[in-house]
Amino acid sequence: KAIPGAVVEYCISVANGVGGATASSVAISDLVPTNTTYVAGSIKVNATVTTPGSTQSCSGGTAVNDAADADAGEFGTPTANTVYGRLNNIAASSATALIFRVTLN
């Protein structure tokens with residue numbers, strides 16, 4: 001049941017397999033879902049992921065501003081209503097995540 005005004009946090013994780021080479025230049029983009037509004041300033045990159053997959057949890061991360069600048073994330077540039085994040089290198093058997101929040105309309 002959707003409750004208008006409720007805040008939902010999204011965690012998009014990226015995992016690198018066992019024995020894989022270090023993943024570099026990892027970038028994520030996600031269109032903010034219909035009937036929601038992005039919560040300004042809520043993007044975090046390089047969050048900790050516990051148990052990647054359907055039962056994962058995410059925490060921490062580095063906050064970035066919404067502007068298209070030198071930090072590792074932005075909102076709405078170059079595509080409107082889209083969250084962007086660039087992650088640090090991901091070693092084999094590791095995972096990291098992009099976190100952002102939306103409010104239900």
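**Close-up A. Handedness of the disulfide between C11 and C58.** The torsion about the S-S bond of C11 and C58 is about -60 degrees, so the disulfide is left-handed. The bond joins distant parts of the chain, with C11 located in strand 1 (residues 7-15) and C58 in strand 5 (residues 57-59), 47 residues apart. The sulfur atoms of C11 and C58 lie 1.7 Å apart; a disulfide is defined as a pair of cysteine sulfur atoms within 2.5 Å. By this rule, the count is one disulfide. The model is predicted: local features require pLDDT of at least 70, side-chain atom pairs count only at pLDDT 80 or more, and totals for chains, interfaces and linings use all residues. Residues are numbered from 1 along each chain as its sequence is written, and side-chain values use heavy atoms, with hydrogens and water left out.

**Close-up B. Accessibility of C11.** C11 has a relative accessibility of 23% and therefore counts as partly exposed, the class between buried (under 20% relative accessible area) and exposed (over 50%), for a 1.4 Å probe and protein chains only.

Close-up C. Strands are DSSP runs (E, at least two residues), numbered from the N terminus.

**Close-up D. Pairing of strands 7 and 8.** Strand 7 and strand 8 (residues 82-87) pair in the antiparallel sense over three bridges, where pairing requires that DSSP find at least two bridges between two strands. The bridge partner of F75 in strand 8 is V83.

Notes
Helices (H or I, at least four residues) and strands (E, at least two) are DSSP runs, numbered from the N terminus.
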